[in-house]
Amino acid sequence: MGDTKELESRLNEAIADVRKRKDRAGDDTLRIAFCGSFSVGKSSLINALVGVEDLLPCGIIPVTMQVTRIAYGRKPSFKVRTPDQREKWIDRAAFRALAATPACDIPGLAPGEHIETEVRCHSPLLYRDVEFIDTPGFDEQAGDVMDKNTLKALQTADVCVMCFNPLKF
């Protein structure tokens with residue numbers, strides 16, 4: 001993905017600026033959402049920024065089917081949250097399988113329901129109450145449910161990083 005030092009430096013400046021504004025609002029966590037079309041590198045960018053190459057699944061075909069929140073933790077850990085707000089810690093293999101499974105194919109979910117996954121990792125960028133939000137992306141072929149889930153996640157964000165493929169312009 002190349003050198004991310006300049007991007008990390010600019011992101012730290014933006015974090016400091018937004019944090020000043022949030023401090024006035026009384027909310028400690030800075031939420032940064034990554035959005036864009038499918039397969040433009042949102043998950044790869046997050047992996048590069050946190051310094052863990054295989055934290056989030058990546059691929060040429062779309063592999064992020066669920067909203068995933070990435071926060072600080074001493075070691076990598078994975079959690080799933082159901083529509084009724086039940087939470088369960090899962091292993092990496094189960095996380096990767098869930099992340100790549102459309103909500104309509106997950107047993108026990110009613111039409112229109114979705115799950116949310118959470119990943120904890122040891123990254124200095126996330127240490128001071130910063131949370132990244134990886135979204136499935138927008139696509140005219142993806143269907144309303146995925147777009148609605150992405151929009152719902154974006155409404156919780158303080159900053160949105162728009163990712164796109166410059167070759168498609």
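Student: Is Phe34 buried or exposed?

Tutor: This is a predicted model, in which local features need pLDDT of at least 70, side-chain atom pairs count only at pLDDT 80 or more, and totals for chains, interfaces and linings use all residues. Buried means under 20% relative accessible area, exposed over 50%, and partly exposed in between (1.4 Å probe, protein chains only). Phe34 has a relative accessible area of 1%, so it counts as buried.

Student: How many strands does the protein have?

Tutor: Helices (H or I, at least four residues) and strands (E, at least two) are DSSP runs numbered from the N terminus. Along the sequence they follow the pattern α-β-α-β-β-β-α-β-β-α-β. That gives 4 helices, and the number of strands is 7.

Student: In what order do the strands lie in the sheet?

Tutor: Two strands pair if DSSP finds at least two bridges between them. The sheet is open, with mixed pairing, and its order is S4-S3-S5-S2-S6-S1-S7.

Student: Why is one side of strand S4 left without a neighbour in the sheet?

Tutor: In the order S4-S3-S5-S2-S6-S1-S7, strands S4 (87-90) and S7 (159-163) stand at the edges.

Student: What angle does the direction of H2 make with that of S6?

Tutor: Axes are lines fitted to C-alpha atoms, for helices over the stretch in contact, and angles run from 0 to 180 degrees between N-to-C directions. H2 packs on the sheet and touches S1, S2, S5, S6 and S7 (contact means heavy atoms within 4.5 Å). Its direction and that of S6 make about 155 degrees.

Student: How many residues of H2 are buried?

Tutor: The buried residues of H2 are Lys42, Ser43, Leu45, Ile46, Asn47, Leu49 and Val50. The helix is mostly covered: of its 9 residues, the number buried is 7.

Student: With which side chain does that of Ser43 make a polar contact?

Tutor: Ser43 lies in helix H2 (residues 42-50) and is buried at 7% relative accessibility. A polar contact is a pair of N or O atoms within 3.5 Å; within protein, one must be able to donate a hydrogen and the other to accept it, and residues adjacent in sequence count only if both atoms are side-chain atoms. At 3.0 Å, the partner of the Ser43 side chain is that of Thr64.

Student: How many residues apart in sequence are Phe34 and Phe132?

Tutor: Rings of Phe, Tyr and Trp (its six-membered ring) pair if their centres lie within 6.5 Å; planes under 30 degrees apart count as stacked, over 60 as edge-to-face and the rest as tilted. The whole structure has 3 aromatic pairs, and in one of them Phe34 and Phe132 are edge-to-face, 5.2 Å centre to centre with 80 degrees between the planes. Phe34 lies in strand S1 (residues 30-36) and Phe132 in strand S6 (residues 130-134), so the pair ties together parts whose separation in residues is 98.

Student: Why is the pair of Tyr72 and Tyr127 edge-to-face?

Tutor: Their ring centres are 5.0 Å apart. The pair is edge-to-face because the planes stand at 85 degrees.

Student: Is Tyr127 buried or exposed?

Tutor: Tyr127 sits in the loop between strand S5 (116-121) and S6, 55 residues from Tyr72 in strand S2 (residues 67-72). With a relative accessible area of 53%, Tyr127 is exposed.

Student: With which side chain does Tyr72 make a polar contact?

Tutor: Beyond four places in sequence, Tyr72 is in contact with Arg120, Cys121, His122, Ser123, Leu126 and Tyr127. The polar contact, at 2.9 Å, joins its side chain to that of His122.

Technical notes. Residues numbered from 1 in each chain as written. Heavy atoms only, no water.
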